[in-house]
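Here are some exercises to work through with the structure open beside you. Try each task before you read its solution.

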Amino acid sequence: MRMSKATTRVISFSVLLLAISNPAFADAYVDASLPFLEISDSNQQAEAWAVCAASYDIMSTIMEPQAPARAEQLSGLGDGAELAVAMALVINDLDPDIPLERFKALWAKAAAAMTELPQAQLTSILADAEKLGSEQSQEFGRKINATVVACISNLEAQRMYIASWRELVNSGLLKPSAD
């Protein structure tokens with residue numbers, strides 16, 4: 001089986017992060033004790049994806065000067081995690097017979113969460129970094145690394161949500177944003 005170059009880069013990056021982070025994820029900003037798809041409460045699952053979106057954004061910013069291609073890759077993963085926030089809130093309520101108005105209301109709520117939840121998590125994580133201060137920058141680095149590794153370990157679920165979103169777009173229920 002051949003892996004794409006993108007998959008190989010993600011795996012290589014994951015190995016790098018694993019090497020410098022706590023493998024038990026004890027310090028991660030997200031609970032990595034079970035796969036995100038096994039989180040039964042859709043709001044809690046959306047929060048986990050929001051932590052990933054924020055963490056990818058932070059890591060992308062940190063890596064931009066030294067590794068712009070990896071930073072761009074992380075930014076893309078962050079975009080996917082934002083989409084996973086919305087899909088986590090929508091997927092359980094999808095039904096082939098869902099009335100269009102109900103779906104529109106459901107998607108409007110999820111689309112708002114897709115922006116608001118990652119921003120709230122970003123603020124929270126940055127507040128923690130500020131609280132830790134420059135003396136404990138390694139502690140923050142370890143926490144953000146452990147979080148990104150936990151998020152990458154859920155990448156297949158994120159891809160599943162992206163595929164589900166594409167199906168909604170192809171069905172005509174959703175129209176992709178113009179930005």
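**Exercise 1. Decide whether Cys-52 is buried or exposed, then describe the bond it makes.**

Step 1. Cys-52 has a relative accessible area of 0%, so Cys-52 is buried (buried means under 20% relative accessible area, exposed over 50%, partly exposed in between, with a 1.4 Å probe and protein chains only).

Step 2. Cys-52 is joined to Cys-151 by a disulfide, with 2.0 Å from S to S (a disulfide is a pair of cysteine sulfur atoms within 2.5 Å). Cys-52 sits in helix H2 and Cys-151 in helix H5, so the bond ties together parts that are 99 residues apart in sequence.

Step 3. Cys-151 is buried too, at 0% relative accessibility. The torsion about the S-S bond is about -95 degrees, so this disulfide is left-handed. A search of the whole structure finds one disulfide.

A note on the source: this is a predicted model, in which local features need pLDDT of at least 70 and side-chain atom pairs count only at pLDDT 80 or more, while totals for chains, interfaces and linings use all residues. Residues are numbered from 1 along each chain as its sequence is written, and side-chain values use heavy atoms, leaving out hydrogens and water.

**Exercise 2. Describe helix H2 and the contact at its start.**

Step 1. H2 covers residues 42-63, which is 22 residues (helices are DSSP runs of H or I with at least four residues, strands are runs of E with at least two, and both are numbered from the N terminus).

Step 2. From first C-alpha to last, H2 reaches 31 Å, close to the 32 Å expected at 1.5 Å a residue (the expected span is 1.5 Å times one less than the number of residues).

Step 3. At the start of H2, a side-chain oxygen of Asp-41 comes to within 2.9 Å of the backbone nitrogen of Asn-43.

**Exercise 3. Find what Thr-147 touches.**

Step 1. Thr-147 is in helix H5, and its relative accessibility of 0% makes it buried.

Step 2. Leaving aside residues up to four places away in sequence, Thr-147 touches Ala-28, Tyr-29, Val-30, Val-51 and Ser-55 (contact means heavy atoms within 4.5 Å).

**Exercise 4. Trace the salt bridges of Arg-142.**

Step 1. Arg-142 is partly exposed, at 30% relative accessibility. Arg-142 pairs with Asp-27 in a salt bridge whose closest N and O atoms are 2.9 Å apart (a salt bridge is a side-chain nitrogen of Lys or Arg within 4 Å of a carboxyl oxygen of Asp or Glu). Asp-27 lies in the loop between helix H1 (5-20) and H2, and Arg-142 in helix H5 (residues 137-152), so the pair ties together parts that are 115 residues apart in sequence.

Step 2. Arg-142 also meets Glu-139 in a salt bridge, at 2.5 Å from N to O. Both residues lie in H5, three residues apart, about one turn of the helix.

Step 3. Shared partners join Asp-27, Glu-139 and Arg-142 into one network of salt bridges.

Conventions:
A polar contact is a pair of N or O atoms within 3.5 Å; within protein, one must be able to donate a hydrogen and the other to accept it, and residues adjacent in sequence count only if both atoms are side-chain atoms.
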